[in-house]
Amino acid sequence: MPSSRHRILRHVFGGICTKLNRTKRLSFDNCSMETPLKRCLTTFDITLLGVGHMVGAGIYVLTGTIAKDLAGPGIILSFILAGFASTLAALCYAEFGTRVPKAGSAYVYTYVSIGEFWAFVIGWNIVLEHMIGAASVARAWSGYIDSLLGGQISNLTQSVFGEFYNGFISEHPDLLSSLVCIFYSVILATGVKSSAMINSFLTGVNMSVILLVIVAGFYFGKFSNWSNPHNGGFLPFGFRGVMTGAATCFYAYVGFDCIATSGEEAQEPAKSIPIATVFAMSVVSLVYILVSAALTLLVPYSDINPNAALPDAFTEANLQWVSYIIIIGAVCGMTTSLLGSLFSLPRCLYAMAEDGLIFNFFASVNSRTQLPILNMVVSTLITALIAFVFELEKLVEIMNIGTLLAYTIVSASVIILRYKPSMVTYTNAVTMDKDSGPSPDACETSSNNEVEVVYVGGKLKKSYYCLKPLVGKYKPGSAVSTAVFIYILACALFCGNIHYDPIPPIKDVFNIFCLSISFIIMVICVIIIEAHEQNTAGLKFKVPLVPYLPALSILCNVELMANLKFLSWVRLILWMAIGLLVYFGYGIRHSKLNDVLSSYSVLLSPTEREKTDWGTITTKKTKSDLSSLYDDDTEPIIDSD
């Protein structure tokens with residue numbers, strides 16, 4: 001009887017583990033471009049969508065708050081560090097954008113490379129990111145207009161609704177921010193192309209105003225505001241303030257995820273996503289650095305008004321006319337930022353619902369507009385409610401930690417997928433010698449005279465055969481996946497020690513031991529990853545210096561997470577608890593991967609469905625193309641099915 005019970009338990013828990021780790025399949029066939037959504041966005045549209053999303057509330061509200069309370073003039077370094085970490089993550093997003101021309105961004109990427117459970121975790125956090133992002137921008141938009149009107153809107157709202165301050169939510173509700181969310185969601189519901197045109201126009205106006213701010217700020221600014229010892233000099237809060245500011249500055253760069261989310265509505269996603277990502281990140285990073293420099297040159301950081309930093313700074317510099325122009329730019333910038341969040345949120349929910357992980361009605365697409373209208377209505381109402389009751393500062397804190405977690409797993413996914421095997425099919429099977437490809441007995445010819453060959457990435461390079469006793473027993477790609485997981489844990493230990501004790505005393509042997517061991521483990525993991533062969537089949541854009549850049553991105557993201565407040569982690573845990581209830585109560589049972597054909601496998605040919613391993617990439621090659629895949633260090637391995 002006990003043995004039977006044990007067998008049943010092993011079967012049940014084994015089945016659950018299999019479901020948690022099941023992955024999607026990729027295809028580079030033309031049919032992978034099929035979607036119920038409308039593919040109408042050009043590279044220019046997507047670039048301005050990303051730029052508009054990033055250059056909004058961050059430039060007009062966040063810079064003043066961070067400069068005054070966290071970093072002083074050192075905000076320049078904060079934006080440089082946050083921009084560097086974001087650029088590394090953006091490159092990883094760009095590579096995945098060429099692999100998967102689908103909505104869902106990091107959620108889909110994780111589903112392909114790691115598994116369903118972690119995909120849900122990331123998708124759930126991306127939903128939080130865009131929901132909180134839209135609510136925070138709406139709050140900033142409302143607060144900015146209210147400050148310009150002398151607080152008349154907030155006074156009116158408070159007189160009508162009263163106060164419900166309890167330390168966690170806002171002191172008073174904000175009705176205007178809720179109405180703003182609903183209004184701009186209605187604009188998005190008119191169609192993708194029309195809303196993209198509105199976004200492009202508003203972004204153009206905003207960037208023109210920002211250019212004026214930079215030129216005027218440097219021309220009329222005083223470098224003494226950076227060096228005055230009475231104000232604490234350039235780093236009044238020290239380097240810790242710079243790092244804390246960088247963790248908060250990360251909020252300004254979350255818009256490039258909006259670029260990846262548009263993959264299912266891009267005309268040429270493999271081309272548009274990488275170009276738009278790299279260009280948008282370059283422009284936005286430069287803009288934030290220059291604007292923060294101009295602001296702290298105009299006025300001492302201690303005199304900055306965090307609610308309307310730029311207009312007040314130019315007013316104090318007797319440039320009232322610039323202040324009026326800034327108001328126009330601020331309204332346009334925060335509008336585009338809000339449009340970007342409201343654009344991305346329903347598409348992420350749509351992608352998860354398409355896979356069956358959340359409620360099915362989120363995947364319903366209107367046949368006329370080719371938009372998930374019902375999805376947009378529900379997500380907008382929830383966002384409007386959040387904007388109605390939560391304070392801007394708390395919203396930003398909640399969003400940053402979820403975003404950093406998503407970026408960390410995307411960077412890890414790039415490494416994992418780069419070292420996974422891929423299926424290569426070529427036509428006209430004939431006998432080939434060693435120089436041109438495999439011999440007939442090394443291939444399996446199908447009925448349509450196609451030969452399928454598995455070109456394995458992730459196997460140990462000959463130059464690293466000394467590591468064979470350590471990793472030789474693993475299947476191709478498995479050793480890399482294990483090394484990535486251990487590397488992330490080592491990064492968490494390393495950054496945790498630095499954060500809580502940045503300068504460990506010599507006598508603190510335990511702390512030094514933890515730092516040393518975690519650093520050594522990180523180096524060993526990177527060496528193990530580098531020792532394996534990469535798989536770049538079918539990629540039109542590749543992250544350079546893999547695994548080093550993605551590994552550095554993971555380290556930067558973990559370090560920024562370590563600098564966030566403890567309450568941010570508590571709020572993330574509460575949000576994830578709700579998500580786990582949804583997944584284990586609904587998603588794990590309704591997942592499309594429970595069916596014989598997944599939503600992605602139906603895009604594959606019947607032969608490919610049977611033969612393609614989880615997470616592998618399927619491409620077609622002719623005999624002439626195949627010869628370039630083989631060299632002295634690479635031998636073809638044929639699928640035995």
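This is a predicted model: local features need pLDDT of at least 70, side-chain atom pairs count only at pLDDT 80 or more; totals for chains, interfaces and linings use all residues.
## The chain as a whole

Residues are numbered from 1 along each chain as its sequence is written, and side-chain values use heavy atoms, with hydrogens and water left out.

Of the 641 residues, 57% count as buried (under 20% relative accessible area; exposed is over 50%, partly exposed in between, with a 1.4 Å probe and protein chains only). The secondary structure comes to 24 helices and four strands (DSSP runs numbered from the N terminus: helices are H or I with at least four residues, strands E with at least two).

## A look at Ser323

Let's visit Ser323, in helix H15, which covers residues 320-354. Ser323 counts as buried because its relative accessibility is 2%.

Beyond its neighbours within four places in sequence, Ser323 is in contact (heavy atoms within 4.5 Å) with Pro311, Phe314 and Thr315. The side chain of Ser323 reaches the backbone oxygen of Pro311 at 2.8 Å.

## A look at Gly204

Now turn to Gly204, found in helix H9, residues 192-220. Gly204 has 34% relative accessibility, so this residue counts as partly exposed. The C-alpha atoms of Gly204 and Gly52 are separated by 8.7 Å, while the two residues lie 152 residues apart along the chain.

How values were computed
A polar contact is a pair of N or O atoms within 3.5 Å; within protein, one must be able to donate a hydrogen and the other to accept it, and residues adjacent in sequence count only if both atoms are side-chain atoms.
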